[in-house]
Amino acid sequence: MRTKRALVLALAALFAAPHAFAQDATSSSYQILTPTLGASGAYATSTNYSLLGTIGEFANSTATSSSFGLNLGFVAFPWVTTPVIAATGATNAASLSWTAAVGALGYSTASYSIGQSTTSGGPYSFSSVGNVLSATASSLTANQTYYFIVRAHDSYGLTIATSSEVSAVPTAAAAPPPTQSGSLGGGGIGGGFFSPVVTGTASANFSGRAYPRSTVTLLKDAQVVSSVAADANAMFSISLSNLSAGNFIFSVYGEDGSGNRSGMLSFPVSLTAGATTNITGIFISPTISTDKEQVKRGDNLVIFGQSAPQSSVTITVNSDTELFLQSKSDSIGAYLYTLDTAPLELGSHSAKSKAAVAGEISEFGQAVDFAVGTESITRQATKKCGIGDLNCDGKVNLIDYSIMAYWYHRPLSGRGVRADLNKDVKVNLTDFSILAAHWTG
Amino acid sequence: MRNFLLTSFFVLTMPLSASAATFTLSATPQDVGAGDLVRVDVLIDSITPVNAFSGIVTYGASLAPISATDGNSIVPLWLTPPAISSAPRIPFEGIVPGGFSGMRGQIFTILFRARAAGKASIAVSEGEVLRNDGKGTPEIVISNPLTFTIAKEARGGYAEPADTTPPEPFSVTMGNDASETAGSLYLVFATTDKGSGVDHYAVAESRVPVFLQRFLPLSFATTESPYVMRDQHRTSAVYIEAVDRAGNVQRAVFPPQYILSWPEVTVLLLILIAVALLFVVVIRRRYSSLP
């Protein structure tokens with residue numbers, strides 16, 4: 001009897017919380033008022049704990065964790081980011097690579113499958129490739145355009161994300177090379193991305209969505225190679241030619257009208273001589289900022305930023321109880337959420353956002369920090385020295401790397417103290433990792 | 001109820017998506033004989049985006065290292081570039097700005113010569129990989145060692161392909177506020193090479209216009225980034241060359257910022273003033289000598 005009462009109390013405590021954050025959901029064709037949340041669909045996660053489904057049938061103390069977060073609420077649902085796919089035509093084949101579909105709140109990608117078609121938009125024939133980030137479609141007809149998509153699956157085989165379509169044109173087999181002495185070595189178990197003979201040039205096309213009229217910057221191996229403006233619909237495209245064949249890390253980020261930058265989206269690409277690689281479906285994460293650096297507890301905090309027009313924007317606020325807030329961007333991509341800070345505890349917090357539109361979901365962007373205190377402090381328009389910007393020029397690039405490298409494993413003084421980004425009184429690989437994560441080129 | 005509990009137990013105990021970065025070593029060719037060259041690629045697999053790698057490659061006495069190169073590497077910036085030494089270990093430490101996630105990302109390549117028949121073994125020890133999460137969170141590291149058998153007879157071995165492509169084009173940026181260089185102006189630069197790897201950088205400073213350089217050729221000296229400019233007045237063009245192991249060259253130029261330095265401007269002004277004064281004196285004398 002006592003156990004039953006305890007269970008009832010535990011369930012009541014668990015499912016009382018979500019109603020505080022549940023929101024009405026509406027569309028042009030339906031409206032859900034005061035949603036009632038059941039146990040199923042509620043996902044509880046922490047770094048070392050995952051609970052799927054109901055917890056009502058367990059006895060006390062069977063579920064424990066050193067750190068535990070319970071994400072309940074109408075907008076707390078699992079999701080996964082949309083992979084960005086790249087395709088390069090090869091000899092009667094196409095090389096495909098894609099970014100990882102990163103899951104959250106219960107989702108994790110267990111495998112991928114490749115859809116292939118000779119018609120844009122499909123229907124596609126799918127083949128499973130396992131939990132890898134590259135594959136080769138072989139036995140293709142030369143000079144025929146093939147279209148590919150990649151699907152991410154969970155451990156039950158369910159599709160949880162689908163990339164946009166990318167195309168590639170396989171090339172015909174080259175004429176036999178003239179006889180040469182020596183051996184090029186067996187293929188064996190070697191390989192990786194290595195191109196055995198480095199001749200000729202390659203080209204690459206990048207396309208996706210950012211924010212309307214925003215600046216999109218493309219980096220090649222950590223150096224800026226192009227900056228373009230997105231159009232009114234937030235779409236952008238960049239073409240690079242005369243590139244060497246080989247492995248590249250390309251990265252893109254966006255900058256909105258207020259000078260706020262998105263997180264950087266990176267993808268490794270292996271370029272082939274004489275071939276064009278198309279990278280499509282790039283979805284740059286939203287920018288984010290707040291109107292106050294510190295907000296008096298109970299006052300409103302305005303969280304805003306920019307994304308693609310008419311996007312559904314999910315904002316997470318890092319707190320004792322993680323908050324998931326929903327907003328929608330307008331026709332110029334601007335979004336705004338007014339947060340009542342009464343439920344937030346005093347201290348430091350951060351917020352980050354991601355966007356979804358047209359079936360694509362971006363990754364989370366960079367986080368903005370704010371504090372909840374006893375008085376409000378307005379955020380300054382621009383913060384000059386960001387993390388890793390050791391010379392305070394508004395960029396994190398080779399100069400900052402050079403300054404940090406000077407202090408590497410040296411006693412710290414002067415600017416060396418600023419180079420110690422994680423404040424452990426030494427400059428080591430961890431500080432370089434933080435610098436690399438905030439790189440702007 | 002029992003079924004439910006069993007199902008729940010299964011769900012709860014289901015392995016979570018294990019996150020780990022794996023160092024893999026890959027040999028080309030696989031069939032190696034005594035005296036053959038063998039190429040070993042140090043590769044990284046990571047689903048989670050990571051941006052910093054370090055470790056030490058160790059190898060047995062049956063292998064003699066010829067070179068360690070970052071040709072076609074995903075790592076553009078090295079704190080400790082891979083290099084061979086007298087010790088049978090090759091430490092490496094580098095970062096990938098923006099991060100890397102994927103399979104078989106090439107970190108660097110070692111070229112060995114198989115000394116004698118027997119077992120060859122190579123491994124990555126003390127491996128460290130950090131996540132691209134802005135905190136430098138350590139990722140779990142798995143290192144897969146490589147072992148293969150060296151046959152008595154030579155089998156042909158690995159033939160290094162010809163590299164006719166220069167290093168990637170790069171830009172040169174000036175730093176002007178570093179206490180690390182005692183306030184001196186300096187240049188920073190870096191590039192990658194998709195073939196044999198960057199061997200070294202060389203620098204030359206000159207005020208000679210390009211069309212006259214055939215008569216007064218540039219004199220290059222080996223350098224590295226950051227380079228403290230010899231001409232702190234910025235009146236010289238600074239030519240930086242990246243040279244790969246095959247001798248291919250990619251040149252970048254940091255153009256002169258001023259035509260004359262301030263001491264030169266001062267001297268020129270003094271000369272102009274002196275000439276003007278002389279002119280005035282001459283004119284006055286000429287007029288005063290008139291009747």
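## Strands, bridges and a first pairing

Two strands count as paired if DSSP finds at least two bridges between them. With that in hand, take a look at this predicted model and find strand β25 of chain A, residues 300-306. Strand β25(A) is joined to β28(A) by 7 bridges, and the two run antiparallel. One spot to look for is A:L301, which sits opposite A:L339 in β28(A).

This pair belongs to an open sheet of 3 strands in chain A, with the order β23-β25-β28 and antiparallel pairing. On the edges are β23 (289-290) and β28 (334-340), each of which pairs on one side only.

## Chain A at a glance

Let's zoom out for a moment. Chain A contains 5 helices and 32 strands. It has 441 residues, and 43% of them count as buried. Now take the contacts in chain A between residues at least 6 apart in sequence: 64% of these join residues at least 24 apart.

## A strand with two partners

Next up is β24 of chain A, which covers residues 292-296. Which way do β24(A) and β31(A) run, parallel or antiparallel? They run parallel, joined by 3 bridges, with β31(A) spanning residues 368-373. In this pairing, the bridge partner of A:V295 is A:V372. Strand β24(A) also has 2 bridges to β32(A), residues 377-378, and those two strands run antiparallel. There, A:Q294 stands opposite A:I377.

A:E293 lies in this strand too. Is A:E293 buried or partly exposed? A:E293 has 16, so it counts as partly exposed. Leaving out neighbours within four places in sequence, A:E293 is in contact with A:F370, A:A371, A:I377 and A:R379. As for A:I249, 44 residues away along the chain, its C-alpha atom is 34 Å from that of A:E293.

## A well-covered helix

Now for helix α3 of chain A, residues 398-406. It is mostly covered, with 8 of its 9 residues buried. Among the buried ones are A:L398, A:I399, A:Y401 and A:M404. What covers them? The list includes α4 (415-419) and α5 (429-437) of chain A, along with β5 (77-80), β11 (173-175) and β12 (186-188) of chain B. In other words, the cover includes elements from chain B as well as chain A.

How does α3(A) sit against α5(A)? Their axes are 11 Å apart and they pack at an angle of about 170 degrees. Angles over 145 degrees count as roughly antiparallel, which is why α3(A) is described that way relative to α5(A). By class, this contact has 4 nonpolar, no polar and 2 charged residues. On the α3(A) side you'll find A:D400, A:Y401 and A:M404, meeting A:D431, A:F432 and A:L435 in α5(A).

## Over to chain B

Chain B has an open sheet of 3 strands in the order β11-β12-β15, with antiparallel pairing. Its edge strands are β11 and β15 (227-228), each pairing on one side only. Between β11(B) and β12(B) there are 3 bridges in the antiparallel sense, and B:T173 stands opposite B:V188 in β12(B). Helix α3(A) packs on this sheet, touching β11 and β12 of chain B, and its direction makes about 50 degrees with that of β11(B).

Elsewhere in chain B, B:S143 lies in strand β9, residues 141-144. B:S143 counts as partly exposed because it has 16 C-beta neighbours inside 10 Å. Not counting residues up to four places away in sequence, B:S143 touches B:F23, B:A123, B:V124 and B:G127. B:V124 is 19 residues from B:S143 along the chain, and their C-alpha atoms are separated by 6.1 Å.

## The nonpolar core

In soluble globular proteins, nonpolar side chains tend to be buried together. Here, the largest nonpolar core has 153 residues. Those with the most contacts inside this core are A:I85, A:L96, A:F148, A:M404, A:L435 and B:I107.

Which residues does A:F148 touch, not counting residues up to four places away in sequence? Among them are A:I85, A:L96, A:I114, A:A137 and A:V166. The list also includes A:G115, A:Q116 and A:E165.

Note on methods
Residues numbered from 1 in each chain as written. Chains lettered and ligands numbered in written order. Predicted model: local features only at pLDDT ≥ 70, side-chain atom pairs only at ≥ 80, totals over all residues. Helix = DSSP H or I, 4+ residues; strand = E, 2+ residues; numbered from the N terminus. Buried ≥ 20, exposed ≤ 12 C-beta atoms within 10 Å, placed from the backbone. Contact = placed C-beta atoms within 7 Å. Axes fitted to C-alpha atoms, helices over the stretch in contact; angles between N-to-C directions. Parallel < 35°, antiparallel > 145°, perpendicular 65-115°, else oblique. Nonpolar A, V, L, I, M, F, W, Y, C, P; charged D, E, K, R; others polar. Core = buried A, V, L, I, M, F, W, Y, C linked by C-beta atoms within 7 Å.
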